[in-house]
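Please examine the sequence and the model displayed here before reading the report.

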Amino acid sequence: MVLRHTTTVTVEFLTTFFIWLGLALFIAGLGFGLTRQRRERGRWWVRPGTRRRRRTGAGGAATDVLAPPGEETGVGALEVPEGVAGRLVRLRSRLARSGIVGARLLNLLSKEHLNEADWEDVEEALLRADLGVDPAMELVEKLRLRMKVLGSSRREDVRAVLQELLLDLVDPEVDRTLHLERTTDDAGVRHPASVLVVGVNGTGKTTTVGKIARFLVAQGHEVVLGAADTFRAAAADQLQTWGDRVGVEVVKSDREQADPASVAFDAVSTARDRGADVVLVDTAGRLQTKVDLMNELGKIERVISRGAPISEVLLVLDATTGQNGLRQAKVFAEVVKVSGIVLTKLDGTAKGGIVVAVQRELGVPVKFVGIGEGADDLAPFDPFAFVDALLS
Ligand SMILES: Nc1nc2c(ncn2[C@@H]2O[C@H](COP(=O)(O)OP(=O)(O)OP(=O)(O)O)[C@@H](O)[C@H]2O)c(=O)[nH]1
Ligand SMILES: [Mg+2]
């Protein structure tokens, strides 16, 4: 009796044990199989059809870059910068705000009988757009004369007159090309073209250097960047990010507060050794009133010019600072040979008139305009597109 009872208990125990063991083995097998299947398919933490994305950001603009096939880490994925045509299309649309000035002028001038108060309003609209006092008064004089001769207040006629006079002011004949000729010295050494970028704090120098590098890469130039802003370590990192995005080498110091002129010198030497076409040198922002810092700029310029004459000195001005920018420009032009202006942040401002003012005062053309925070939001300055946008 006792023996039969013991046997029954043992059989029940063994049955339960084997059922649980079977179940455990089944679950373990299922898990192992799934994991293997995922590994064989590739990296199982990436959704099918996607590759790991590298998030890059410079100058506030972040771009997702799809790594090229075969590259799993995402490191080294290069972006393809935009060519000139697309940039000019964007220039027109981004200057929409500047159109406010044009629309106001068109409205005022299309009145049937213009009295003195109307002409004062015209002058005020031009001054508000930062055209500068002299150019604004000249334009009003010419407009008065032309409107009298025209004898029409039709909007289209008025637009045609305005277009002609504004274009004259902006001057389409000026050479706005970036001079990037390489030179060969008497010893037969080939030197890269060199571009020095200067300006007060926060105008957009580093962003502009990065954007110009992309612009040149898109045209097939081999570029080297020099991080001569040794004020802040972050400045060199910011430039490095721009360089990495398009595979451009960045020469920087591993020491904070290093001599910016020596970094500029290293950048030029590196570019020459690599046989690069262009070296772009970024500098720290400086107030035009700080004599020491301004002298430092002169030293950087001299060091870059040691092997071959410097090709371009670009002064970066923030369009939103208006006439203040003009005062900065004058002092910078006394210290270094400014050969071109880059007018940044022209998107989002109705003060496009600074283009005229700065050219007049300095005799230096606006060569590029910044039209946004995106990596390719820089366009060669095109007077026709600019005036068109003003009167759109
Ligand atoms: N909207 C707009 N923002 C711009 C443009 N150019 C530059 N910026 C922004 O201006 C800010 C300053 O740009 P940076 O390139 O760091 O200026 P910086 O002159 O190098 O500054 P410092 O080195 O500190 O003197 C950033 O947020 C840029 O994204 C532009 O054309 N349009
Ligand atoms: Mg900077």
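## Overall make-up

This is a predicted model. The chain contains 13 helices and 12 strands. Of its 392 residues, 38% count as buried. Among contacts between residues at least 6 apart in sequence, 73% join residues at least 24 apart.

Eight strands form an open sheet with mixed pairing, in the order 7-6-8-5-9-10-11-12. Strand 7 (249-251) and strand 12 (378-380) are the edge strands, each pairing on one side only. On average, neighbouring strands of this sheet are turned by 25° against each other, direction ignored.

Within the sheet, strand 9 (residues 312-318) and strand 10 (residues 340-344) run parallel and are joined by five bridges. Leu314 stands opposite Gly340 of strand 10.

## Helices across the sheet

Helix 8 (residues 233-246) lies across strand 6 (223-228), strand 7 and strand 8 (278-283), and runs at about 170° to strand 6. Helix 9 (residues 260-274) lies across strand 5 (193-198), strand 6, strand 7 and strand 8; helix 9 also runs at about 170° to strand 6.

## Packing of helices 5 and 6

Two packed helices are described by the angle and the distance between their axes. For helix 5 (residues 133-150) and helix 6 (residues 155-170), the axes come within 11 Å and cross at roughly 145°. The crossing is right-handed.

On the helix 5 side, the contact involves Pro135, Leu139, Lys142, Leu143, Arg146 and Leu150, which meet Asp157, Val161, Leu165 and Leu169 in helix 6. These contact residues comprise seven nonpolar, three charged and no polar residues.

Methods:
Residues are numbered from 1 along each chain as its sequence is written. Chains are lettered from A and ligands numbered from 1 in the order in which they are written. This is a predicted model: local features need pLDDT of at least 70, side-chain atom pairs count only at pLDDT 80 or more; totals for chains, interfaces and linings use all residues. Axes are lines fitted to C-alpha atoms, for helices over the stretch in contact, and angles run from 0 to 180 degrees between N-to-C directions. Helices (H or I, at least four residues) and strands (E, at least two) are DSSP runs, numbered from the N terminus. A crossing is left-handed if the near helix is turned anticlockwise from the far one by less than a right angle, and right-handed if clockwise. Two residues are in contact if their C-beta atoms, placed from the backbone, lie within 7 Å. Ala, Val, Leu, Ile, Met, Phe, Trp, Tyr, Cys and Pro count as nonpolar, Asp, Glu, Lys and Arg as charged, and the others, Gly among them, as polar. A residue is buried if 20 or more other C-beta atoms lie within 10 Å of its own, exposed if 12 or fewer, and partly exposed in between; C-beta atoms are placed from the backbone. Two strands pair if DSSP finds at least two bridges between them.
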